[in-house]
Amino acid sequence: MATIPTVEKGLVALLKPLLASLSVDGSALAVKVAQGWPGINAIEECAKREQAVVGVTDRGLSSSVSRFWPTDLATVVTAPGIKTILSSDTVAPGGTATLTVAFAVGSSAVKDKDACSLVVDRFSTRIGATGVAVSADDLSAVAQKLLIDIQANSEFTGVISVSRSGAVLTLTNASTQILKLQSNCGNIATVYTMLGRAQTQLQVVIFAGSSQGRDAIRSILETKFFRYKSDFGFGLSNGETIRVTDMKGLAVSDKDTQADVYRADFLLGIEYSVVDTETLWTVIVGLGPISEF
């Protein structure tokens with residue numbers, strides 16, 4: 001999500017290829033583009049040889065321009081890579097059923113945070129257990145995690161006993177009543193919420209070892225920055241659009257710059273969305289009294 005550092009990095013990534021093959025008077029001009037204010041060593045190198053540096057830095061003028069409440073932009077649900085298969089949804093006293101952990105349709109691997117459950121309804125209360133995977137797990141490992149959680153839950157004692165063979169759990173009804181079985185699978189969801197719009201100003205500073213090099217870079221950037229402004233802004237690698245609200249040059253006299261170094265500056269008005277992310281877990285076990293019975 002966009003922040004001042006990611007906006008700076010995004011602009012740097014766009015400017016690098018733009019200035020990568022620059023030549024002045026038939027000679028190649030090496031241009032280094034980086035985030036932040038160029039260090040004194042980098043500036044001094046410009047004076048020693050025909051090269052240039054371009055720095056992109058925030059001027060610390062960020063402010064809120066929001067006129068609305070936080071807004072949910074999107075909810076991205078991660079489909080689980082697994083599914084569970086119950087041989088029967090009821091099991092009589094002393095009877096057995098199986099729960100098999102398998103790959104979901106179209107999946108060939110367990111995803112990080114895949115989860116599965118066993119839910120047992122006793123027609124008065126509901127008890128449950130879960131197994132949560134990591135990306136390195138296979139189907140048997142997921143089944144083992146579910147088995148461990150079942151065995152660790154004392155509420156299952158005297159109700160159901162479980163054994164495992166590979167990715168298959170065998171469930172034996174140890175109670176004196178019919179049990180209803182359920183099993184659910186899920187993964188996480190990510191909610192993206194726009195908290196507001198922020199406005200700041202980026203300064204793009206050019207240092208070059210010659211006035212010709214400085215002017216060549218300035219001409220290219222001036223045209224590109226006007227294009228950004230007319231096109232609303234520029235895009236980041238994650239698909240976000242950063243609005244360019246204003247562009248102007250900053251007058252800097254060469255006599256105010258280090259000897260043998262030539263300078264030019266641009267100021268870009270920037271506006272972007274401040275977005276927060278929240279992780280939601282799929283509810284695969286509902287516990288407590290069962291009101292429908």
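**Figure 1. Surroundings of Leu19 in the predicted model.** Leaving aside its neighbours within four places in sequence, Leu19 is in contact with Val31, Val33, Val54, Ile217, Ile220 and Leu221. The model shown here and in the following views is predicted. Leu19 belongs to the loop that runs between helix 1 and strand 1 (23-24). With a relative accessible area of 1%, Leu19 counts as buried, because buried residues are those under 20%. Val54 is 35 residues away from Leu19 along the chain, and the C-alpha atoms of the two are separated by 9.6 Å.

**Figure 2. Helix 1 and its buried residues.** Helix 1 covers residues 4-18, 15 residues in total. From its first C-alpha to its last, helix 1 reaches 22 Å, close to the 21 Å expected at 1.5 Å a residue. The buried residues in helix 1 are Val7, Glu8, Gly10, Leu11, Val12 and Leu15. An α-helix has 3.6 residues a turn, so residues three or four places apart point the same way.

**Figure 3. Gln203 and its polar contacts.** Gln203 is located in strand 16, which comprises residues 188-208. A relative accessible area of 7% places Gln203 among the buried residues, because the limit for buried is under 20%. The side chain of Gln203 makes a polar contact with the side chain of Arg59 at 2.9 Å. A polar contact at 2.5 Å links the side chain of Gln203 to that of Asp265.

Figure 4. Side chains alternate along strand 13 (residues 168-173). Strand 13 pairs with strand 9 (residues 96-103) in the antiparallel sense over 5 bridges, and Thr100 stands opposite Val168. Strand 12 (residues 160-165) also runs antiparallel to strand 13, joined to it by 6 bridges. Here the bridge partner of Ser165 is Val168. The hairpin of strand 12 and strand 13 has 2 residues between the strands, and Gly166 takes a positive phi near 65° in this hairpin.

Figure 5. Most residues other than glycine have a negative phi. Asp25, although not a glycine, has a positive phi of about 55°. Asp25 lies in the loop between strand 1 and strand 2 (27-28) and is exposed, with a relative accessible area of 70%. Phe232 is likewise not a glycine and has a positive phi of about 80°. The loop that holds Phe232 lies between helix 4 (211-230) and strand 17 (233-235). Phe232 is partly exposed, with a relative accessible area of 44%.

**Figure 6. The protein chain as context for the close-up views.** The protein chain contains 4 helices and 20 strands. Its radius of gyration is 31 Å, well over the 19 Å that the globule rule gives for 293 residues, so the chain is more spread out than a compact globule. The C-alpha atoms fill a box of roughly 95 × 40 × 30 Å, taken along the principal axes. Buried residues make up 42% of the 293 residues. Among contacts with a separation of 6 or more, 70% are between residues 24 or more positions apart.

Terms used. Residues are numbered from 1 along each chain as its sequence is written. Side-chain values use heavy atoms; hydrogens and water are left out. The expected span of a helix is 1.5 Å times one less than its number of residues. Buried means under 20% relative accessible area, exposed over 50%, partly exposed in between (1.4 Å probe, protein chains only). A polar contact is a pair of N or O atoms within 3.5 Å; within protein, one must be able to donate a hydrogen and the other to accept it, and residues adjacent in sequence count only if both atoms are side-chain atoms. Contact means heavy atoms within 4.5 Å. The radius of gyration is taken over C-alpha atoms; the globule rule is 2.2 Å times the number of residues to the power 0.38. Two strands pair if DSSP finds at least two bridges between them.
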